[in-house]
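Visitor: I am new to this structure and would like to learn how to read it. Could you walk me through it?

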Amino acid sequence: MIAIDIKNLNKSYENGLKALKNINLSVRSGEIFALLGPNGAGKSTLINIICGISKKTSGKVTIFGKDNILDYKFTRSKIGLVPQEIATDSFEKVINTLKFSRGLFNKVPSYEYLSFILKSLNLVTKKNNQIRTLSGGMKRRVMIAKALSHEPKILFLDEPTAGVDVNLRKTLWNFLNKLKKNGVTIFLTTHYIEEAENIADRIGIINNGEILITENKKKLIEKLGEKKIIITINSSHNKLSYITKKYQLKKNKNKLSYIYNSKKNIDLSASLLSDLVKSSVKIDDIEIEKSNLEEIFLNMVEK
Amino acid sequence: MNLRGIFAIYHFEMSRMFRTVSQSIASPVLSTALYFIVFGSAIGSKIGNIDGVNYTSFLVPGLIMLTILNQSVSNASFGIYFPKFSGTIYEILSAPISPIEITCGYVLAAASKSVLVGLIILITSAFFIEITILHPFWMLLFLILMSITFSLFGFIIGIWANDFQKIQLIPSFILTPLTFLGGSFYSISMLPDFWQKLSYVNPIVYLISSFRWSFYGNSDVNVVVSISATFFFLVLCMVFVSWIFKTGYKIKT
């Protein structure tokens, strides 16, 4: 089932800036989708339009099949949003701000559910504290708790771990995985490639208001990534120059590097190893390096 | 209808008032008490009766109205401006709550605070000043109606404003002068002919006049005209608020 469906979405500002250019994107129910992009790429604008905070110029956004403008009460009731900036009512108590958020979404008060959320985000001891007394990381948790207070089916997280320590980041990743298991669709934007690599099922890359690619994480790495085989040899051999030429190997002292890119060539690593063995080249070590998401991302946005 | 959403906003705003009770209630009550002391007891004793009413008693409706208008505008404008300023408006805009429901939440809360302050002033003054309320139903109706109308007006100011200075601009430079010149402290009939005529252009004259009528049965202008003027202003504000939400003016980029 498609949770979020975006068709031909455009957003232009009065000053002529085109923030989004013909965006087409679908997110399936229950998946974690990570949208990667540099600053100003259009990530927040896209989320704001889906959630009803910003106006679109043209195009269509549907949530579980319903238009996000015509059926805004239905679509918004399914969505929880954690914006990029920490914005809270400083003088309000944590528990009261959660009650407020739940009420806004027309949900029957449920102290049990809010207690569950507080417990899940390690906020139980802070529930009667004024928000202004909390640390930045705690405030970030409060914002996530607010977004979850009405039991949304889709959770939007706009750079949820920006400025957050490693410990909290990992706690959050675990929590998001738990939410996913409970059927919540998660749409997150992030600067941290590691974050997307760790928790996302699918990844989208956006730059200058255009979606460059959306793909399953593993497939994306396989499809666009490079595999490097580094072979450490112990002896030289007269056939080595022939093999080096045949497989276009890079030689650095006693290390031979073979680079395979699925987009550009066929994987000849098995044949290479076979040739080396047949030529009686003594192999000391074989290392395989795969490119990570960061390299793929940089490759795409720096083009 | 998202009644829980309206109540959530209403409850949030009322909680803010009770958190800052000295600013929300004590301050306007004290200011009004000072007016009573200075204009009523000190200066008023030299003035005598106006339209058959003791001057200090005559002052009560005007001062309540002065407080009501200022409180309604400042409560509602701050109520909606602050979420814009702090960024928490995102939650309201992304919630399944309609523009009318949002307006109801903020405006009813601001109006409730004003009515509460108005009633506290009325009750407090009744301990020291002789007050007659000939038409209590109309008095209460005017109090509520004007609180709602000016809260709507304040709500519009809060949306329009993009800094704290602008929130004070219209109340300070338009509303307060019009209220002071609208008969809060005197009867329009006391003015020279030219100034009397000019006063009738001031919409606040009609509001104060009808409110004073509900107390003492005397009015500078026809009560029906006053009520019609109040309703007209109320409808005008509602139309403007609808337009704001329809177009996203100063709310959505």
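Visitor: In what order do the elements of chain B run from the N terminus on?
Guide: This is a predicted model, and in it chain B runs α-α-β-β-α-α-α-α-α-α-α-α. That gives 10 helices and two strands in chain B.

Visitor: What share of the contacts in chain B join residues at least 24 apart?
Guide: Taking contacts between residues at least 6 apart in sequence, 79% join residues at least 24 apart.

Visitor: Which residues have the most contacts inside the largest nonpolar core?
Guide: In soluble globular proteins, nonpolar side chains tend to be buried together. Here the largest such core has 65 residues, and those with the most contacts inside it are B:Met65, B:Tyr106, B:Val107, B:Leu152, B:Phe155 and B:Ile156. Helices from both chains each supply at least two residues of this core, among them α3 (94-104) of chain A and α5 (99-128) and α6 (136-160) of chain B. Look at B:Tyr106 as an example: leaving out residues up to four places away in sequence, B:Tyr106 touches B:Ile9, B:Glu13, B:Ala76, B:Gly79, B:Ile80 and B:Phe155. A second, separate core has 58 residues, including A:Leu81 and A:Phe156.

Visitor: How many residues of chain B are in contact with chain A?
Guide: On the chain B side there are 21 residues, in contact with 25 residues of chain A. Both α1 and α4 (89-93) of chain B supply at least two residues of the side that touches chain A. The largest share of that side, six residues, comes from α1(B).

Visitor: Let us turn to chain A. In what order do the six strands of its open sheet lie?
Guide: Strands of a sheet pair through backbone hydrogen bonds, either parallel or antiparallel. In chain A the order is β6-β7-β8-β3-β9-β10, with mixed pairing. The edge strands β6 (79-82) and β10 (210-216) of chain A each have a single partner strand, so one side of each is left without a neighbour in the sheet. On average, neighbouring strands of this sheet are turned by 15° against each other, direction ignored.

Visitor: Which strand runs parallel to β3 of chain A?
Guide: Strand β3 (residues 32-36) of chain A is joined by five bridges to β8 (residues 185-190) of chain A, and the two run parallel. The bridge partner of A:Leu36 in β8(A) is A:Thr190. Strands β6(A) and β7(A) also run parallel, joined by four bridges; there, A:Gly80 stands opposite A:Leu155 in β7(A).

Visitor: Which helices pack on this sheet, and are the residues of β6(A) buried or exposed?
Guide: Helix α5 (residues 136-148) of chain A packs on the sheet, touching β6 and β7 of chain A, and its direction makes about 165° with that of β6(A). Helix α6 (residues 166-181) of chain A lies across β3, β7 and β8 of chain A, running at about 150° to β8(A). Both faces of β6(A) are covered: A:Ile79 and A:Leu81 on one side, and A:Gly80 and A:Val82 on the other, are all buried.

Definitions and conventions: Residues are numbered from 1 along each chain as its sequence is written. Chains are lettered from A and ligands numbered from 1 in the order in which they are written. This is a predicted model: local features need pLDDT of at least 70, side-chain atom pairs count only at pLDDT 80 or more; totals for chains, interfaces and linings use all residues. Two strands pair if DSSP finds at least two bridges between them. Axes are lines fitted to C-alpha atoms, for helices over the stretch in contact, and angles run from 0 to 180 degrees between N-to-C directions. Two residues are in contact if their C-beta atoms, placed from the backbone, lie within 7 Å. A residue is buried if 20 or more other C-beta atoms lie within 10 Å of its own, exposed if 12 or fewer, and partly exposed in between; C-beta atoms are placed from the backbone. A nonpolar core is a set of buried Ala, Val, Leu, Ile, Met, Phe, Trp, Tyr and Cys residues joined through C-beta atoms within 7 Å.
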